Amino acid sequence: MRFIKLVNSSLRTKLLIMFLFLTVLPLILVGIISYIKSYNIVAQKSYSLAQIQVGQLSREFDVVFQDIKRFTEIGKKDSTVQFLIDKQNTAEESKSILGMIRLYRESYQYSDSIMNIKIISTDGKAVSEDRGVHLLDKEAISKPPFVSLLDDPTKTIIEPIYKNSNPVLSLTSTIVSDRSKEVIGFINILVKSSVFKNILNEAALNYSGTFHIKSETGKLLFSNPQFANVPVSTQMIGNKSGFLTQGTTFIVYETSSLTGWKVIRYVPLTEITKEAHEIRSLIVLTVGSLVILTIGLYFFITSKLILPLRMLKEKMKQASLGDLEVKIVNKGTDEITDLSDNFNSMIMKIKALLTKSVNEQKQLKIAELRTMQAQINPHFLYNSLETIIWMAEAKKGQEVIEITKALSYFFRITLSKGKDFILLEDEINHVRNYLIIQKMRYQDILDVNFHLNDDILKYKIIKLTLQPIIENAIYHGIKNKRGKGLVRIKGDFTPEGNISIDVIDNGIGMTDDKLREVRQQLSSGLPFEKDQGGFGMVNVHQRIRLQYGPSFGITINSLYGSGTRVSLIIPAER
């Protein structure tokens, strides 16, 4: 409560809050959004770069493996197949096989990385570079990896072993007969681990973090640095490639489709987001500087604003107490001077509007009085009474009763106990009574019909609105035409939900010049000269616009020789 009171009583506090909401807070918000956006972009870029680097390392391993795997083509040669299926003399085939191995070694880049190549038949007969032709123990043939390859001949099993105390990789695959499509033997290639370690060491020199190479079965083949303690994530299982964050470590991995090896790189998250943190520091520094500058600007501006605004406050207080003669004299060219000038202009306009409002109320009352006077027009009353006398002399008793009742109801609604608004139903009855009287007088030249939506009858209307329009149609339309005249009164809702009432006559109509003049009179609110007619219609239009606004009132359309349509639009108010 104390804070709210302080805000309400102090302009400087309000300006401070405004500065906070319009400058400081948006600056901080922009800084936060910029940091988040830049962090995500830079981090995503770093993640993608790390994936590319791991993918490149995986492809380097695949290049070596592809080169070495070409040696498995030796198993498809005729001499090799003959060696595997021949149960007796195999000396010539074995020499041919060893010759092919030497030829392949001279042809491929990574042949120096191969320690030994061995061809083995399913019954244990073997030929290798290091031992020549020899016989394996049958029990060895019945163990992995040979048993696994018999179950799935398409596989190549890679496993780390030791050869003469040196770590090597053993690659074993099947040799299948082209005729029988059966496994007739195996080819085993021993590859020095150093060729892969060298590639891994070179990658470790160029890229930060720890590298692990795991086999398809999940066994660790190589790592750099060796014996590194790194987190293990189960999210990598079943996924060929991707990246994830585990604690403070960023992990990116790629699985070779050729070897099934998974190349994994573990990098501290700070390394990946280093550039993003630098951007954050820059943003914080920039936003902080802008905030300090904005606060300094605030104090400068408020010191320049507070004095003239206090003067304006005092003048406004005087004006609120009813003194409309106040005036601010302020020298300058800034916005405060404009505000003071506008205040002076506003006071002048308020005085003018007050005067105009008083005049409009006077005009409204005068218009109501004129309407009342028009309804109690002595000529209308004399003519009606003369019609009654004429009918009585003609012994038309029923007609006398009917016109007398209509005249009585007509003046009863005209007075309406001083009410300004009546139901539309009462206004229609008032019109019906008026038309009864007029039809008695002009029965040979006047016919009337109504087309009304009954739902509009329960809405209110300004009293004595329709009768002047209908009177205008009779006296200035029907009477000036030869033959019988027709007046139609239509009423319904508009698509906008307002009430529309049309008074249509087939009288003489108006020329274009006359129609233009009538519309101008309606727009200006000034009635015609008394002998020119149209006074009641202008009066009605003026009363409606004063009551409801410029969107409502009367519109008129006419065609000379055909008739006139006067449309009245009022809001639907109960």
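## Nonpolar cores

The largest nonpolar core has 51 residues, and those with the most contacts inside it are Leu435, Ile470, Ile544, Ile554 and Ile556. A nonpolar core is here a set of buried Ala, Val, Leu, Ile, Met, Phe, Trp, Tyr and Cys residues joined through side-chain atoms within 4.5 Å, where buried means under 20% relative accessible area, exposed over 50% and partly exposed in between, with a 1.4 Å probe and protein chains only. Apart from this core lies another, of 48 residues, which includes Phe71, Ile184, Phe222 and Val267.

If neighbours within four places in sequence are left aside, Ile556 is in contact with Met510, Leu515, Val518, Arg519, Leu522, Met537, Thr564, Arg565 and Val566; contact means heavy atoms within 4.5 Å.

## Basis of the description

The model is predicted, and local features need pLDDT of at least 70, side-chain atom pairs count only at pLDDT 80 or more, and totals for chains, interfaces and linings use all residues. Residues are numbered from 1 along each chain as its sequence is written, while side-chain values use heavy atoms, with hydrogens and water left out.

Helices (H or I, at least four residues) and strands (E, at least two) are DSSP runs numbered from the N terminus, and two strands pair if DSSP finds at least two bridges between them.

Strand S5 (residues 166-176) and strand S6 (residues 183-192) pair in the antiparallel sense over 9 bridges, with Thr174 standing opposite Phe186 in S6. S6 also pairs with S1 in the antiparallel sense, over 7 bridges, and there Asn188 in S6 is the bridge partner of Lys118. S1 and S2 run antiparallel and are joined by 3 bridges, with Ile120 opposite Ala126 in S2; the hairpin of S1 and S2 has 3 residues between the strands, and in it Gly124 takes a positive phi near 100°. Because 7 of the 8 residues of S1 are buried, this strand is largely enclosed by the rest of the structure.

Ser79 lies in helix H3 and counts as buried because its relative accessibility is 14%. Not counting residues up to four places away in sequence, Ser79 touches Glu93, Ser96, Ile97 and Met100.

## Phe552

Phe552 is found in the loop between helix H16 (535-548) and strand S17 (553-559), and its relative accessible area of 16% makes it buried. With neighbours within four places in sequence left aside, Phe552 is in contact with Asn498, His541, Ile544, Arg545, Ile569, Ile570 and Pro571. The C-alpha atoms of Phe552 and Asn498 are separated by 9.4 Å, although these residues are 54 residues apart along the chain.
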